[in-house]
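These are my notebook entries on a single chain. I record what I looked up, in the order in which I looked.

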Amino acid sequence: MISSIVIGALCGWIASMIMKTDAQMGAIANIVVGIVGGAVGSWVLNLLNISVSSGFIGSLISGILGSVILIYVYNLITKKNK
């Protein structure tokens, strides 16, 4: 549970830096986006039949991918895209 929060926070933070929304997001938002993004990333990679390792690096890759997708969709819905 603790590792999911830590990896989620890291994924959410990295994704917010990639999407340039870091100033708008706080620590709790980064954790939530990272955890939900991990599920989204795993689902997308599974749909594409792409296999990543189940360790730290695999979790980080799928979490960042899913978090970026999640932030992108959120920005589309709220019209905060640039």
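Is S16 buried or exposed? I took this up first, bearing in mind that the model is predicted. S16 has a relative accessibility of 0% and therefore counts as buried, the cut-off being under 20%.

**Entry: S16 and its surroundings.** I located S16 in helix α1. I then listed its contacts, setting aside neighbours within four places in sequence: T21, D22, M25, N30 and I71. One of these, I71, is itself among the buried residues of α3.

**Entry: K20.** I looked next at the loop between α1 and α2, where K20 is placed. K20 has a positive phi, near 55°, although K20 is not a glycine. With a relative accessible area of 66%, K20 is exposed, since the cut-off is over 50%.

**Entry: helix α3.** I asked whether the length of α3 agrees with its residue count. Helix α3 covers residues 56–78, which is 23 residues, and at 1.5 Å a residue it should span 33 Å.

Which residues of α3 are buried? I noted G58, L60, S62, G63, I64, G66, S67, I71 and N75. These buried residues pack against α1 (2–18) and α2 (27–47).

**Entry: α2 against α3.** Two packed helices are described by the angle between their axes and the distance between the axes, so I looked up both values. The axes of α2 and α3 come within 6 Å and cross at roughly 105°.

From α2 they are V33, G34, V36, G37, G38, V40, G41, S42, V44 and L45. From α3 they are S62, G63, L65, G66, S67, I69, L70 and I71. By class, the contact has nine nonpolar and nine polar residues, and no charged ones.

**Entry: V44.** V44 is found in helix α2, and its relative accessible area of 18% makes it buried. Leaving aside neighbours within four places in sequence, I recorded contacts of V44 with L65 and I69. I also looked up the pair V44 and S67, which are 23 residues apart in sequence. Their C-alpha atoms are 11 Å apart in space.

**Entry: N49.** N49 lies in the loop between α2 and α3. Its phi is near 55°, again a positive value in a residue other than glycine. N49 is exposed, with a relative accessible area of 70%.

**Entry: the record.** Where does UniProt place the feature "transmembrane region"? The unreviewed entry gives residues 27–50 and 56–77. I compared each span with the model. Residues 27–50 are 88% helix and 0% strand, and the end C-alpha atoms are 30 Å apart. Residues 56–77 are 100% helix and 0% strand, with end C-alpha atoms 31 Å apart. I note that N49, in the loop between α2 and α3, falls inside the annotated span 27–50.

Technical notes: Residues numbered from 1 in each chain as written. Predicted model: local features only at pLDDT ≥ 70, side-chain atom pairs only at ≥ 80, totals over all residues. Heavy atoms only, no water. Helix = DSSP H or I, 4+ residues; strand = E, 2+ residues; numbered from the N terminus. Expected span 1.5 Å × (residues − 1). Buried < 20%, exposed > 50% of the residue type's maximum accessible area, 1.4 Å probe, protein only. Contact = heavy atoms within 4.5 Å. Axes fitted to C-alpha atoms, helices over the stretch in contact; angles between N-to-C directions. Nonpolar A, V, L, I, M, F, W, Y, C, P; charged D, E, K, R; others polar. UniProt positions renumbered as here; feature names shortened; annotations may be inferred.
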